[in-house]
Amino acid sequence: MENQNPNAEEFLKGLWKENPVFVAVLGMCPALAVSNTAINSLAMGLATSFVLLCSSILVASLKSIIPKQVRITTYIIIIATFVTVVDFALAAFSPAIHKELGAFIALIVVNCLILGRQEAFASKHSVGLSILDALGMGIGFTFAMLCIGIPREILGSGSIFNISLFGSNFEPWVVMILPPGGFFMLGFLLLGFNWFTKKKKARINYG
Amino acid sequence: MDNLIWIFISALLINNFTLSYFLGICPFLGVSGKLETAFRLGVANIFVMMITAACAYALNTWVLVYAPYLRLISFIIVIASSVQFVEMAIKKLSPELFKALGIFLPLITTNCAILGLALFSTNKGYGFLEGMVYALGAGGGVTLALILMAGIREETKLMDIPDVIQGTALNLIIAGILSMAFMGFAGLFSTY
């Protein structure tokens, strides 16, 4: 991967190699709580990406004037501001989704993924690179949310994005849209992810 | 009084913060390796939640009526700073207690379970006493989940588990089974 463009690398790493949910296991609370339908997953992924992008831009451009001792507090205030923006915007444009997601929109503030990127990346790199990193991580997070949300909706209600797939004969696995389903789905996805990584490593070793 | 008992039981078992709202999953997966640590984290959680409930009530009554858009920012700042103050006070008054809970306090101060508690009790419009009981129940529920999880994880250490499922994948599947068991408590609620 050494000959790749470094900018592309910053963007691409969030999608797979350092995927926030599957590899770093960050931001689990929203990933599990609102991934019961594909639409909710998508809304949550996009909302989180927006907050991540805006706070990364702001942190990266203010990094020289933020005092080191209170940097975490400053990041949290910046994040909380953007979450409030998203919260109010969603309530105005799409009250139905806002009602479904409920308090979990507000809880984006404490998503460790966002604070983690500010501390680990945006506070040390230029604005341009931070935008790429935030976009990559945001898309990676949205992708992971959909990976959990789509199978849960298919199994739990027999539909995808509210479009019925199997007709009326399908007996839904109600457990998949209830809380335990979230744990199971993410558990099995991580299992699959581990298995895939192991196989790939073994293949490289045997050349 | 009847109402308070229901609030407590509902937060403790039926709407368990960890197992049915997925709040505070990070410490739940991270610190549940040993029974003793898990218990201490749980107690620290109850403690911070009680402070949170008091702060949330105060903010709701006196500040947020005038500036509702400050809700999130003020919750986070006020909760974090009051936990810091109480931490300093404990350090001075009871070094023993501080030694037992101290390292966990900064870890859980801005945890989703804490902020979630503040938001949920606001949304439900609880008064001061109800808020405190809700915090006690929610904290107890988190402690219960942590202890159960730590107990199971201590057992799994002695078992022969395939390599692929080790780690977070196994913990999540255990959590899923626990959560399914807790769903059974929903029947308690049919009278309320």
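Guide: Two residues are in contact if their C-beta atoms, placed from the backbone, lie within 7 Å. The model here is predicted.

Visitor: Which residues of α8(A) meet α10(A)?

Guide: From α8(A), the residues are C147(A), I148(A), P151(A), R152(A) and G156(A). Their partners in α10(A) are G181(A), M185(A), L186(A) and L189(A). By class, this contact has six nonpolar, two polar and one charged residues.

Visitor: How is a pair of packed helices described in general?

Guide: By the angle between the two axes and the distance between those axes. In chain A, the axes of α8 (residues 127-157) and α10 (residues 179-206) come within 10 Å and cross at roughly 125°. The two helices are therefore oblique to each other, and α8(A) passes α10(A) in a right-handed crossing.

Visitor: At what angle do α3(A) and α4(A) pack?

Guide: Helix α3 (residues 38-62) and helix α4 (residues 71-93) of chain A pack at about 140°, with axes 9 Å apart. That angle makes α3(A) oblique to α4(A), since only angles over 145 degrees count as roughly antiparallel. Their crossing is right-handed.

Visitor: What classes of residue make up the contact of α3(A) with α4(A)?

Guide: It divides into 13 nonpolar, one polar and no charged residues. Among them are F50(A), V51(A) and S55(A) from α3(A), and I78(A), F82(A) and V86(A) from α4(A).

Visitor: How many residues of chain B are in contact with chain A?

Guide: In chain B, 30 residues are in contact with 31 residues of chain A. On the chain B side, α2, α4, α7 and α9 each give two or more residues, and α9(B) has the largest share, nine residues. That side has 22 nonpolar, eight polar and no charged residues.

Conventions:
Residues numbered from 1 in each chain as written. Chains lettered and ligands numbered in written order. Predicted model: local features only at pLDDT ≥ 70, side-chain atom pairs only at ≥ 80, totals over all residues. Helix = DSSP H or I, 4+ residues; strand = E, 2+ residues; numbered from the N terminus. Nonpolar A, V, L, I, M, F, W, Y, C, P; charged D, E, K, R; others polar. Axes fitted to C-alpha atoms, helices over the stretch in contact; angles between N-to-C directions. Parallel < 35°, antiparallel > 145°, perpendicular 65-115°, else oblique. Left-handed = near helix turned anticlockwise from the far one by under 90°.
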